[in-house]
Each structure stands twice: as structure tokens, then as C-alpha cells.
Amino acid sequence: MTIARVQAFPVRYPEPNNDGKVRSLCLVRIETTDGVVGWGEAITGGQAVSLATAFLVERHLAPVVMGRDERDVPVIWQAMRDATYWDGNGGIVTFGISAIDMALWDVSGRAAGLPVHALLSDRAPTPVPACASTILATGDLERIGDEFAGFVAQGYRMVKGGWGHDLSIAFGRDAARDLAVGRAVREAVGPGVAVILDVVALAGWDADHAITMCRALDETVGLYWFEDPLPEQDIAGYQALRAAVETRICTGEKGWHAVHFQALIDSGAVDVIMLDPAKAEGITGSWQVIRSAAAAGLAWNAHAWSSALDTAASLQLAAATDNTLLMELKPVASPMQDELVTNPIRQVDGWVQVPSGPGLGVEVDESVVRRYRFTEDDLDRSGVATA
Ligand SMILES: [Mg+2]
């Protein structure tokens, strides 16, 4: 049995967990000569990037994958890296490799009749604590209170908020507002719930401000971890922060490659290595990082705030290792989580089960892919994507 078909589908959808803002992804479908089908995702973000990734998958990477044995995923992964040694190394190429790799693991598991975690390790899967993860309504503390109280009412015992629907007033841009937002979250969830706060990208903090804010927030809110208070390349800043506070520090979600994550791991400045399988070279690349983090005694966390494919891939990785703390879920039903697959991943009483079916363990409804698919012709006439 060999890989017979590789197709890419740019999709866009309104994200209810982000005030209905349009997000876009690139989904990949792989089919073998025996008709086994697997799906993967690249968390591309911008619509033009989703379209470009789809083009690259079908025209540049598919020829590398076609005709190969579906069981040789790490070999195919390396072949894709070798074929893009010049034009890859992050960005659109790595999005494409990530989505193809995820789909290949889905195919491989389905062909073997096993969930992906069983192909990675012999660890028995255990339920993972579920964390309600959302964008903060930084301009409306009452709404924050209502939303976070609602998450606890749904059963969540861990919550995370970050950024902001309006990026001009996002979390991280104003110290007094940041503290007020943190207090509103804590008051809403009560004392027994783990709270994570996530600083908006490009907030521009330095180590001194990160230390001040981390101490203040941990004192007034109590933090399970503090996320992305500094730019990822500021390793020295993270080391200064880590030396000054007891709070768990998490970063990494923008990373593409094991070499980048290894620098974070070796820095001694990070407690939780964040990565996204739909960006960090798929399941094959992510698994390397997770094992490396585990060897250093560090936890990892899946970013995976995207489709059910990314969540399922993350849960398969979580099931294969002991250094997973939680799984972030979107607390409000979302098209790419709850419509895309016929067996959506949901928490019950604060826990999420690892899908036990073959492959990633989620079943894609292809009519939903067609419904949300978009093409270059669907972009604004100006040619500028709106998200
Ligand atoms: Mg984050």
C-alpha cells in the first residue's frame, strides 16, 4: 500500500471564541492505493498563507510523498525536509510539512488499526485535565466574569485567558488593566481553579517588566503558569525572569523546529514548552521536542487552538508521554472543532479523553470541508485577505 493522492483544502470560518473573527487553516487529505484516508492540518492563520500552503502542498511536497509506503512516516518526513533544505526551515513550507505529516500519521494508524499514540509509545493513555482557553474581553470586565464563571459551570477546573478581541487594548498592553483583568478572572472562577494568563504577542515587555508583572499577577491572581511574557528570542530575559520568580513560565508556540525548542529547553528558563503540531513539523517534529523536554524534566503543552485535527493530534501526543499537564479546549462550540468531525472532542467534568479510534481518532465530515473551503477568487478584490 502506498500514498496515491495528496490534496490540500484552504478553509476559513468565523471563530465564536474570538468574537466571530475569520480564521483560516489549510487541511490536507491523503489517500492510499487501498483507499485509506487520513487528514492533517496546518494552523496557517492568514487566508493568503492558507492558499499558498495549499499550493505548496500539492505542487511541491506531494511529489515527494506520492508512491511511498504509508508506514514510513519519519522517512517521508525527512524526505520532505531534505527536498526543502533551501526553501523550507519555517514558514509556509513547514506549515505544509506539518499538515502532511499529521495526515500521514492518521493514515498509518488507520492502516494498522491503531490510534497514533500506540504507534509512538506503549504508555497506556489516561484522561487529560481540560483547560478552557479563550481570548479575553479586556474592555469589559463584567463579560470576563460571566464567561469565566460559565467555564467553571461547564465543569472546567483550569482556565486560560490571553490577548484580547481588540488587540489595541489586549492583555499585556497596560499594567493596571492587566491586573484588573486578572482579578476579574480569579473572582469569577473562585479559589480552587487553575488560572493561566497569556501576554499578547508584540507586547514588547522586557525582563524587568515581566518580573514586576509576574510577581504582581501571581500575588493577586495566583497563576498556574505565565505565558509568553517576553519575545521568544529573549533567552537572557527568560533566564532573568526564571531566576526572579517561582511561577511556572511557558513559551514556545511560535516555534517551528526542534533546534529552536532545544535552545529553550537548554536555557533552563522555561518550565512548560509550548508547541503546535500543526506548525512545529507535525507529529514527527513535535514528538522529538516532547521527548527532549521530558528528558530535561520539563512539561510540554499543545497550542492547538484550532481544528479538531490539531486537538486530536495533540491528544495522541499527550497520551504517549508523562509530561503533559493539560489540554486546552475552546469552551464555545466552533465550526472547525464541532462541525468538522462527526465525533467532536469534548471535556466532561474537567477531563478530556484521548480518542481511542484508529489514527488521530476523529472522523472528518468531508461535506463540512467543502462548505468552508475557499479559493483565491474569494479574497477581497484588492487581493488583500481580511484575516
Ligand atoms: Mg499563547
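Reader: How are helix α6 and helix α7 packed, at what angle and how far apart are their axes?

Author: In this predicted model, α6 (residues 175-189) packs against α7 (residues 207-220) at an angle of about 25°, and the axes are 9 Å apart.

Reader: Why is α6 called roughly parallel to α7?

Author: Angles under 35 degrees count as roughly parallel. The angle here is about 25°, so α6 is roughly parallel to α7. As for the hand of the crossing, α6 and α7 cross in a right-handed way.

Reader: Which residues make the contact?

Author: From α6 you have A175, D178, L179, G182 and R183, and from α7 there are M213, A216, L217 and T220.

Reader: What makes residues of this contact nonpolar, polar or charged?

Author: It goes by residue type: Ala, Leu and Met are among those that count as nonpolar, Asp and Arg count as charged, and Gly counts as polar. Sorted that way, the contact of α6 with α7 has five nonpolar, two polar and two charged residues.

Reader: What share of the residues counts as buried?

Author: That's 52% of the 387 residues. Buried here asks for 20 or more other C-beta atoms within 10 Å of a residue's own.

Reader: And how many helices and strands are there?

Author: The protein has 13 helices and 13 strands.

Technical notes
Residues numbered from 1 in each chain as written. Predicted model: local features only at pLDDT ≥ 70, side-chain atom pairs only at ≥ 80, totals over all residues. Axes fitted to C-alpha atoms, helices over the stretch in contact; angles between N-to-C directions. Helix = DSSP H or I, 4+ residues; strand = E, 2+ residues; numbered from the N terminus. Parallel < 35°, antiparallel > 145°, perpendicular 65-115°, else oblique. Left-handed = near helix turned anticlockwise from the far one by under 90°. Contact = placed C-beta atoms within 7 Å. Buried ≥ 20, exposed ≤ 12 C-beta atoms within 10 Å, placed from the backbone.
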